[in-house]
Amino acid sequence: MRELDLEAVPMIGVVKPPQRHNEVAYILVKGREDEPIYLDPHSQILRLMQMIRDETHRYAVTYHRKRRELRELHF
């Protein structure tokens with residue numbers, strides 16, 4: 001983010017709890033890592049955040065697979 005001069009853009013991360021039933025997920029905000037935002041495991045906002053995360057990962061994996069496939073064609 002620093003190299004792109006985008007440090008002012010807020011960044012967050014969804015932290016998955018261990019696979020224990022009494023744990024809750026939480027969100028970390030860059031610069032405020034010591035103040036996690038805890039979410040109910042059944043909350044709609046957590047579900048939305050997970051859907052955004054999953055779609056972002058799907059897009060990135062698809063992109064990298066396509067690049068790898070194109071790179072292999074040039075050999």
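This is a predicted model: local features need pLDDT of at least 70, side-chain atom pairs count only at pLDDT 80 or more; totals for chains, interfaces and linings use all residues.
## Sheet

Three strands make up an open sheet. Their order is E1-E2-E3, and they pair in the antiparallel sense. Strand E1 covers residues 12–15, strand E2 covers 25–29, and strand E3 covers 37–39. Strands of a sheet pair through backbone hydrogen bonds, in either a parallel or an antiparallel sense.

E1 and E3 are the edge strands. Each has a single partner strand, so one side of each lacks a neighbour in the sheet. On average, neighbouring strands are turned by 25 degrees against each other, direction ignored. Between E2 and E3, the antiparallel pairing runs over three bridges.

Helix H1 spans residues 44–73. H1 packs on the sheet and touches E1, E2 and E3. The direction of H1 makes about 105 degrees with that of E1.

## Nonpolar core

In soluble globular proteins, nonpolar side chains tend to be buried together. Here the largest nonpolar core has five residues: Ala 25, Ile 27, Leu 39, Leu 46 and Met 49. Strand E2 and helix H1 are the elements that give two or more residues to this core.

Leaving aside neighbours within four places in sequence, Ile 27 is in contact with Ile 12, Gly 13, Pro 36, Ile 37, Leu 39 and Met 49.

## Aromatic pair

The structure holds one aromatic pair. Tyr 26 and Tyr 38 form this pair. Their ring centres are 5.4 Å apart, with 55 degrees between the planes, and the pair is tilted. Tyr 26 lies in strand E2 and Tyr 38 in strand E3, twelve residues apart, and the pair links distant parts of the chain. In the sheet, Tyr 26 stands opposite Tyr 38.

How exposed are the two tyrosines? Tyr 26 has 24% relative accessibility, so Tyr 26 counts as partly exposed. Tyr 38 has 54% relative accessibility and therefore counts as exposed. The cut-off for exposed is over 50%.

## Backbone angle at Asp 5

Asp 5 has a positive phi of about 55 degrees, although Asp 5 is not a glycine. This residue lies in the segment before E1. Asp 5 has a relative accessible area of 69%, so Asp 5 is exposed.

Definitions and conventions. Residues are numbered from 1 along each chain as its sequence is written. Side-chain values use heavy atoms; hydrogens and water are left out. A nonpolar core is a set of buried Ala, Val, Leu, Ile, Met, Phe, Trp, Tyr and Cys residues joined through side-chain atoms within 4.5 Å. Buried means under 20% relative accessible area, exposed over 50%, partly exposed in between (1.4 Å probe, protein chains only). Helices (H or I, at least four residues) and strands (E, at least two) are DSSP runs, numbered from the N terminus. Contact means heavy atoms within 4.5 Å. Rings of Phe, Tyr and Trp (its six-membered ring) pair if their centres lie within 6.5 Å; planes under 30 degrees apart count as stacked, over 60 as edge-to-face and the rest as tilted. Two strands pair if DSSP finds at least two bridges between them. Axes are lines fitted to C-alpha atoms, for helices over the stretch in contact, and angles run from 0 to 180 degrees between N-to-C directions.
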